[in-house]
Amino acid sequence: MALNSSAILDAVATHAVSLGHFQNVTLHEPRAVTGNEISACVLVENITPIRSSGAATTSIRLELSVGIYTTTLIDADTDGIDAVLGEAADALMRMYAGDFTLGGLVRQVDVFGAHGRPLGAKAGNYVRPDDSPPLRVFRVRLPLIVDDVYEQVA
């Protein structure tokens with residue numbers, strides 16, 4: 001029994017790449033975004049046991065964050081930044097709700113929050129990594145339920 005976080009993170013990143021919205025999808029926060037680029041990253045936020053575990057095993061809620069970034073200095077109309085990032089967040093949420101088990105890696109995407117906060121997206125603050133131009137950030141909260149991760153031994 002194990003979480004198999006590498007396979008889950010790879011599956012989430014692969015889904016993001018398949019959408020065609022992002023020039024880069026990483027498993028770490030970007031240090032910079034250039035030009036009109038939209039980048040995404042997949043990060044682990046929380047790992048917590050859930051009550052629907054079995055008598056001898058513990059299932060967990062794995063909360064991932066999919067960050068979506070673009071520079072605020074894009075050539076296009078800067079009034080459109082939030083619309084572009086919002087559309088990318090919407091596409092991710094539709095994708096993850098549509099592949100409810102990530103190809104069998106998880107029990108479910110916790111769309112409605114049965115075990116905590118639901119699938120959602122939130123605009124974040126502007127960030128400035130490594131003194132580069134400021135980035136506008138959206139974060140998609142991706143709660144995943146994974147069965148039988150830890151064995152309970154008396």
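Trainee: What makes up the secondary structure of the protein chain?

Mentor: The model is a predicted one. Its protein chain has two helices and six strands. From the N terminus on, the order is α-β-β-β-α-β-β-β.

Trainee: How do you know that the span of helix H1 is close to the expected one?

Mentor: H1 covers residues 5-19, which is 15 residues. The expected span is 1.5 Å times one less than the number of residues. Glycine 20 follows H1, with a positive phi near 80°.

Trainee: Which residues of H1 are buried, and what do they pack against?

Mentor: Ile8, Leu9, Ala11, Val12, Ala13, His15 and Ala16 are buried. The buried residues of H1 pack against strands S1 (24-26), S2 (38-49), S3 (57-71) and S6 (135-151), and against helix H2 (81-98).

Trainee: Why is serine 65 called buried?

Mentor: Buried means under 20% relative accessible area. Serine 65 has 5% relative accessibility, so it counts as buried. This serine is found in strand S3. Neighbours within four places in sequence aside, serine 65 is in contact with Cys41, Val42, Leu43, Glu45, Arg139 and Val140.

Trainee: What does alanine 121 touch, not counting residues up to four places away in sequence?

Mentor: Alanine 121 touches Ala89, Met93, Arg139 and Val140. Take alanine 89: it is 32 residues from alanine 121 in sequence, but the C-alpha atoms are 6.6 Å apart in space.

Trainee: What makes the phi of leucine 102 worth a look?

Mentor: Its phi is positive, about 50°, although leucine 102 is not a glycine. The residue is found in the loop between H2 and strand S4 (108-109).

Trainee: Is leucine 102 buried or exposed?

Mentor: Its relative accessible area is 3%. The cut-off for buried is under 20%. Therefore leucine 102 is buried.

Trainee: Which class does aspartate 148 fall into?

Mentor: Its relative accessible area is 38%, so aspartate 148 is partly exposed. Aspartate 148 is found in strand S6. Its phi is positive too, near 50°, and the residue is other than glycine.

Trainee: How many residues does the largest nonpolar core have?

Mentor: This core has 31 residues. Ile8, Leu64, Ile68 and Leu144 have the most contacts inside it. H1, S2, S3, H2 and S6 each give two or more residues to this core. Apart from it lies another core, of six residues, among them Val33, Cys41, Leu43 and Tyr69.

Trainee: What does isoleucine 68 touch, not counting residues up to four places away in sequence?

Mentor: Its contacts include Phe22, Ile38, Leu85, Leu92, Phe138 and Val140. Arg136 and Ser39 are also among them.

Trainee: What share of the chain is buried?

Mentor: Buried residues make up 43% of the 154 residues. The protein chain exposes about 7900 Å², and carbon and sulfur atoms supply 51% of that area.

Trainee: How many positive and negative side chains are there?

Mentor: There are 11 positive and 18 negative side chains. The centres of the two sets lie 7 Å apart.

Key:
Residues numbered from 1 in each chain as written. Predicted model: local features only at pLDDT ≥ 70, side-chain atom pairs only at ≥ 80, totals over all residues. Heavy atoms only, no water. Helix = DSSP H or I, 4+ residues; strand = E, 2+ residues; numbered from the N terminus. Buried < 20%, exposed > 50% of the residue type's maximum accessible area, 1.4 Å probe, protein only. Contact = heavy atoms within 4.5 Å. Core = buried A, V, L, I, M, F, W, Y, C linked by side-chain atoms within 4.5 Å. Areas by Shrake-Rupley, 256 points an atom, 1.4 Å probe, with all protein chains shown as cover. Lys, Arg positive; Asp, Glu negative; His and termini not counted. Charge placed at Lys NZ, Arg CZ, Asp CG, Glu CD.
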